[in-house]
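Thank you all for coming; I would like to walk you through one structure today, going from one chain to the other. Please keep the picture in view while I talk.

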Amino acid sequence: MRVGVKVTGHLIDLCSATHVDLDEGACVDAALGALGIPPAQVGLVSVNGEAVPKAKRAEMVLRESDEMVVMAPLTGG
Amino acid sequence: MSWQGKILRVNLTSGDISPEPLNMEWANDYIGERGLGTKYLWENMDPKADPMGPDNVLIFATGPLTGTGASTSGRYAVITKGPLTGAIACSNSGGKFGAELKFAGFDLLLVEGRSEKPVYLLIEGDEISLQKADKLWGKTVWETDEWIKKTHHNPLLKIATIGVAGERGVRYASVVNDLHRAAGRSGVGTVMGSKNLKAIAVRGTQGVKVKDPKRFMAVTDEMKNLLAKHTGGLTKYGTNAMMDTMQEFGGLPTRNFKEVQFEGYDKVDAKAMLKTDETGHTNLLTNKACFGCTIACGRIAHIRKDHFTIQNRKEYWHASGGLEYETAFAFGPVIGVDDIDACTFAGYLMNEHGMDPISFGVTLAAAMELYEMGVITKEDTDGVELTFGNPEALTIMAEKTGKQEGFGEILGLGSKLMCEKYGHPELSMTVKGQEFAGYDSRALQGMGLGYATGNRGACHLKHDTFEADMDDQTGAGKAEPCKTSQDWTAAVDSSGLCMFTMGAWGAPEFAAQLDADTEGEWTAERLTHCGERIWNLERMFNLAAGLTKADDTLPPRLLNDPAPSGTAKGKVNELDRMLPEYYDLRGWSEDGVPTEDTLGRLGLR
């Protein structure tokens, strides 16, 4: 299946993909792994506009055509 | 050791200038910079004093690590009673001025009284004097910097000055040093202007001595390497890299916080600054570092010469300070403007006239809402169409406010007083009278608690709840990270180092550097305890000034109107849930007053 991807902040330097191809049943963590984005560098992931807390990334199953946004951590300033 | 052991007391009423020994007991308990300045303020003035009167005290304080070889060691803080809030004001800055003050042999500069006529303070080695500033009054920050260096034939002077905004009482005037770094928030420049003190020019030649040079070099070298692994994004993109994250998150305050996402965000974000347009123009020229900094998050930008703001004004055809996240937010989304050159020009004007961009932008946003409601009209606004999204309104009003002309005089009051004047206090997006930064607290719940309990009013820099806020968008579990990070940030702000290192360094890393630098044994526990003491002393100042629990609140829009979109769609800030838990964790009464036990534990009784 194909999932749409957008990254924010400096994560653009780690990942310029606009989509990722995954096996059926893949979760958010698997998508991050496929994209090569270290989990420590992720502030928040949203799927179709809904926030996915860190603890749910391993269980949140993605579906065909989902839109995933990988947000950089915030640091103030 | 890298305390210089000396402060300078300047009485502007009498003209007396007197060096004094640093109170080492206070330095050991309050570290330096923000903490030490707070202690000196507490001991030297009545918190009930009029912030614009001669009894207010204005302090410029460095930290024990300021001016050393540690990364980001250029920090100093300005501490006083603030004119926007009537609360304690502490605003810090980078650049080179702080280190230079330290090199001149002073940990802290304490200014009291009021000069009858405008003056500036000149410190050139051992020669210290108050100089007439008649010829400087009415000059911009940039003109003042140039004039002082030329007059004293000393291009090595480092200068902190106010612009015309500070002279004329704009409530959120800043102190600008090194042309475009600023102690920007809380009206510290307004207090400087009320004292008829135009500038402080300093050249020092003493250097600093650290306790254990060999260990200090080894530790700070290790810390620089650690920092480099964590801050590459800041170096390349600056703080404005956060704009698209806030947009996707749904926490980007838009059109006076009526919305939380801005359709034009990508025209004013970090990537837009790097983009080359059809004429070959790129907004961002380069990045820039403050003294000793290995991050270099500062932006240097320029504006298209054919842009309406500068096409007939060659004096602005130069490079200058570019957009940071907060300036981009304050001249972009919160007023609905997506013109990067107009935003950049407004940023120039803030530095030139000496004003806080956050307070100006959020005040302008409230004025735009008043205008669109019909409460104010073109007759009030000198004929300017004050609608959301109008870049000309932004730049015209920035100049009018800086010079205190026409409707600029109203904008110079700040959002709270302006909205009260027009009978709509609910439109003022402030806490204790200070305007919000670029984070909507319906999406960032802990940020809302930090805003509400901020000792200097709404502020995003005195706590760090981002991680907790991004992971859970309810009020649950936010009191603890808010309280802990407030204490920790107070310690960092007192060290002489920049808070942008906090993503890479925790308490042990700060303590290791301070311990190699400074007399006494510095541990993570001691630093954290000092931070809690500092936070509570600031609170005591505010309570003595007359503030109460009722001031620890948020505007009704954030408490009652659900976020209209984004990942927190439908949510309001849950302050009622968080605040009692926060007071309890702090060891404060239900009314937000530190208990005797708490004061005793912190050595504040």
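Predicted model: local features only at pLDDT ≥ 70, side-chain atom pairs only at ≥ 80, totals over all residues.

**Chain A: a helix across a sheet**

Let me begin with helix α1 of chain A, which lies across β1, β2, β3, β4 and β5 of chain A and runs at about 105° to β2(A).

The strands under discussion belong to an open sheet of 5 strands, which has the order β2-β1-β5-β3-β4 in chain A and mixed pairing. Because β2 and β4 of chain A stand at the edges with a single partner strand each, one side of each is left without a neighbour in the sheet. From one strand to the next, the twist averages 30°. For those new to sheets, strands pair through backbone hydrogen bonds, and they do this either parallel or antiparallel. In our sheet, β3(A) and β5(A) give an example of the antiparallel sense, with 4 bridges between them, and A:Val47 has A:Met68 in β5(A) as its bridge partner.

Now, which residues of helix α1 of chain A are buried? They are A:Val28, A:Ala31, A:Leu32 and A:Leu35, in a helix that covers residues 28–35. These residues lie on the same side of α1(A), because they cover an arc of only 100° around the axis. After the helix comes A:Gly36, whose phi is positive, near 75°.

**Chain B: the whole chain**

Turning to chain B, we find 24 helices and 17 strands. Its radius of gyration is 22 Å, close to the 25 Å that the globule rule gives for 605 residues, and therefore chain B is as compact as a globular protein of that length. The C-alpha trace of chain B spans about 60 × 55 × 45 Å along its principal axes, and 63% of the 605 residues count as buried. If we take the contacts in chain B between residues at least 6 apart in sequence, 70% of them join residues at least 24 apart.

The chain is divided into domain 1 (6–203), domain 2 (233–431) and domain 3 (444–601). Between domain 1 and domain 2 of chain B, the centres are separated by 26 Å, taken over C-alpha atoms. Their contact takes 34 residues from domain 1 of chain B and 25 residues from domain 2 of chain B. On the domain 1 side, the elements that give two or more residues are α4, α5 (164–167) and β11 of chain B, and α5(B) gives the most, with 3 residues.

**A sheet in chain B**

Let us look at a sheet of chain B, an open one in which 6 strands follow the order β8-β7-β12-β9-β10-β11, again with mixed pairing. Here β8 and β11 (181–183) of chain B stand at the edges, each with a single partner strand, so one side of each has no neighbour in the sheet. On average, neighbouring strands of this sheet are turned by 20° against each other, direction ignored.

Both senses of pairing can be followed from β7(B). With β8 (residues 127–132) of chain B, strand β7 (residues 119–124) pairs in the antiparallel sense over 6 bridges, and B:Leu122 stands opposite B:Ser129. In the hairpin of these strands, which has 2 residues between them, B:Gly125 takes a positive phi near 60°. With β12 (residues 197–203) of chain B, by contrast, β7(B) runs parallel, joined by 6 bridges, and B:Leu121 has B:Ile200 as its bridge partner. Across β7, β9, β10 and β12 of chain B lies helix α4 (residues 141–151), running at about 145° to β9(B).

Finally, is B:Phe345 buried or exposed? B:Phe345, which lies in helix α12 (residues 340–353) of chain B, has 26 C-beta neighbours inside 10 Å and therefore counts as buried, since the cut-off is 20 or more. Leaving aside neighbours within four places in sequence, B:Phe345 is in contact with B:Ile303, B:Thr309, B:Ile310, B:Tyr316 and B:Thr395.

Terms used: Residues numbered from 1 in each chain as written. Chains lettered and ligands numbered in written order. Pairing = 2+ DSSP bridges. Axes fitted to C-alpha atoms, helices over the stretch in contact; angles between N-to-C directions. Contact = placed C-beta atoms within 7 Å. Rg over C-alpha atoms; globule rule 2.2 N^0.38 Å. Buried ≥ 20, exposed ≤ 12 C-beta atoms within 10 Å, placed from the backbone. Arc of directions from axis to C-beta. Domains from an automatic or database assignment.
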